[in-house]
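Open your viewer and keep the sequence panel at hand. We will go from one selection to the next and look at what is there.

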Amino acid sequence: MSGRDLFCQPRRFGRGAALTLVFASVLVAGAATGSLPGDPGEGGRSASGAAPSPAPAGHSEDVTRAAEEAAADGKSPMEAAERAVSRSGDRWAAVYSEGEYEEFEASLDGRYTGVGLEARGDRDGRIEVTKVQSGSPAAAAGVRAGDRLRSVDGRSVEGLPVTDVVSLLRGDATGATAGSTVSLGLERGTRAWTETLRRALLSTDSVTVRRLSDDTTVITVAAFTKGVGDSVRSAVRRTPAGAGIVLDLRGNSGGLVTEAVSTASAFLDGGLVATYDVDGDQRALHAQGGGDTTSPLVALVDGGTMSAAELLTGALQDRGRAVVVGSRTFGKGSVQMPSRLPDGSVAELTVGHYRTPSGHGVDGRGITPDLEADDGALERAETVLSGLGDVP
């Protein structure tokens, strides 16, 4: 799994708990995916961008009641909400301070506080830098792709999940902001050294496009931030006629559900993308018409492909639009909605689950690729595309 110190899903189950994350194939920063404040068909979005709605029914009533009672007693509504969330067993619930929620929303706009690293963990538990963002603090310090990240602020990161490493880089446990410092232990060949970087407010393009050959275009979606759907549609339109497309969703841990649906619309001519329930009320997400339904398409996924990225993968697979290559996806198919608490903090709570067009439940199961591939997955995707291109 790989990630970026970019999108983080702050999930606080108790005061002082580290904000954990959930976004992107590059030191993940990001956002809970599958969050839907309101009906996405009516402009609702994943955990951000829209004003938090009144708390929906279910265990959210207990959380809201606890916060209101705390406020009436002169105690902290946020702390009361965190305790109620902890008791609920809702693993994807999040309680944000007002400032944290604003930062969370910024991450969904493609802005984040970090040092500009992309990294991945290998099978031996080592963390390798895979990319350094141009103009970032990491780039200014001379950090390069291929460097090994050994520690963050003196804590060894070997064996840690990439998401935990990202949380350390961002300083989530301490509420670190732009301008704060972080010490990185690095290794390059036989050289080992420590570099102190100052975090900065950075922006990123969640969609990158590259041509592998005249016959293959790779569209990588790191996270479903604002505007991703339009960017993917634009990339598809620029793809040469007859060329195959690899949609790389590896490490994409989600984002705005509406952007995932918009991305699906780039490859579908209308129709069902997913169904979901909100406290038992069944709803559906549909693609817009007019997408490219003819270019050979492979979706690349791995264990870091989560939530909204799984929603998109499931739609393309079930609708017969793409061959899915890689390894089983993470398995987060829950739907969250945020609600404002009396002190301005925000509780984001699970209210339901989504299913793929064929009715496949993703939560706890993930999506099984059509073709299993780990190392060499991109090369396998190219081979599949060459075969798809031969099919009339």
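Start by selecting Phe-330, which is partly exposed at a relative accessible area of 34%; here buried means under 20% relative accessible area, exposed over 50%, and partly exposed in between, using a 1.4 Å probe and protein chains only. Before you go further, note that this is a predicted model, in which local features need pLDDT of at least 70 and side-chain atom pairs count only at pLDDT 80 or more, while totals for chains, interfaces and linings use all residues. Residues are numbered from 1 along each chain as its sequence is written, and side-chain values use heavy atoms, with hydrogens and water left out.

**Stop 1: the aromatic pairs**

How many aromatic pairs does a search of the whole structure find? It finds 2. To count as a pair, rings of Phe, Tyr and Trp (its six-membered ring) must have centres within 6.5 Å; planes under 30 degrees apart are stacked, over 60 edge-to-face, and the rest tilted.

Trp-92 sits in the loop between α2 (77-88) and β2 (94-96), and Phe-330 in the loop between β17 (323-326) and β18 (334-340), so the pair ties together parts that are 238 residues apart in sequence. The helices (H or I, at least four residues) and strands (E, at least two) named on this tour are DSSP runs, numbered from the N terminus. Trp-92 is buried, with a relative accessible area of 5%.

Now select Tyr-96 and Tyr-101. Their ring centres are 5.2 Å apart and their planes are at 80°, so this pair is edge-to-face. Tyr-96 and Tyr-101 are both buried.

**Stop 2: charges over rings**

Return to Trp-92 and show Lys-332, which lies over the face of Trp-92 at 4.9 Å from the ring centre. For this label, NZ of Lys or CZ of Arg must be within 6 Å of the ring centre and within 35 degrees of the ring normal. Then pick Trp-193: Arg-191 lies over the face of its ring, at 3.9 Å from the ring centre.

**Stop 3: Arg-150**

Select Arg-150 in strand β6 (residues 148-152). Arg-150 is partly exposed, at 37% relative accessible area. Which side chain makes a polar contact with the side chain of Arg-150? Show Glu-187, at 3.4 Å. A polar contact is a pair of N or O atoms within 3.5 Å; within protein, one must be able to donate a hydrogen and the other to accept it, and residues adjacent in sequence count only if both atoms are side-chain atoms.

Leu-186 is 36 residues from Arg-150 in sequence, yet 5.5 Å away in space, C-alpha to C-alpha. Not counting residues up to four places away in sequence, Arg-150 touches several residues, including Arg-155, Glu-158 and Ala-192; contact means heavy atoms within 4.5 Å.

**Stop 4: a hairpin**

Colour β4 (residues 117-121) and β5 (residues 127-132), which pair in the antiparallel sense over 5 bridges. Two strands pair if DSSP finds at least two bridges between them. Glu-118 has Lys-131 in β5 as its bridge partner. Between the strands are 5 residues, and in this hairpin Gly-125 takes a positive phi near 85°.

**Stop 5: the open sheet**

Next, show the 6 strands of an open sheet with mixed pairing, in the order β11-β12-β13-β16-β17-β20. The edge strands are β11 and β20 (371-372), each pairing on one side only. β11 and β12 run antiparallel and are joined by 6 bridges. Arg-211 stands opposite Thr-217 in β12.

Within β16 (residues 297-301), select Val-301. Buried or exposed? Val-301 is buried, with a relative accessible area of 1%. Among the residues it touches are Leu-249, Val-324 and Pro-369.

**Stop 6: helix α6**

Finish with α6 (residues 228-238), whose buried residues are Val-228, Gly-229, Val-232, Arg-233, Ala-235 and Val-236. They cover an arc of only 160° around the axis, which puts them on the same side of α6; the arc is that of the directions from the helix axis to the C-beta atoms. On the other side of α6, Arg-237 and Arg-238 are exposed.

The cover over the buried residues of α6 includes β11 (207-213), β12 (216-221), β13 (244-248) and α7 (257-265). In α7, select Ser-262. Ser-262 counts as buried at 15% relative accessibility. Leaving aside neighbours within four places in sequence, Ser-262 is in contact with Gly-229, Asp-230 and Arg-233.
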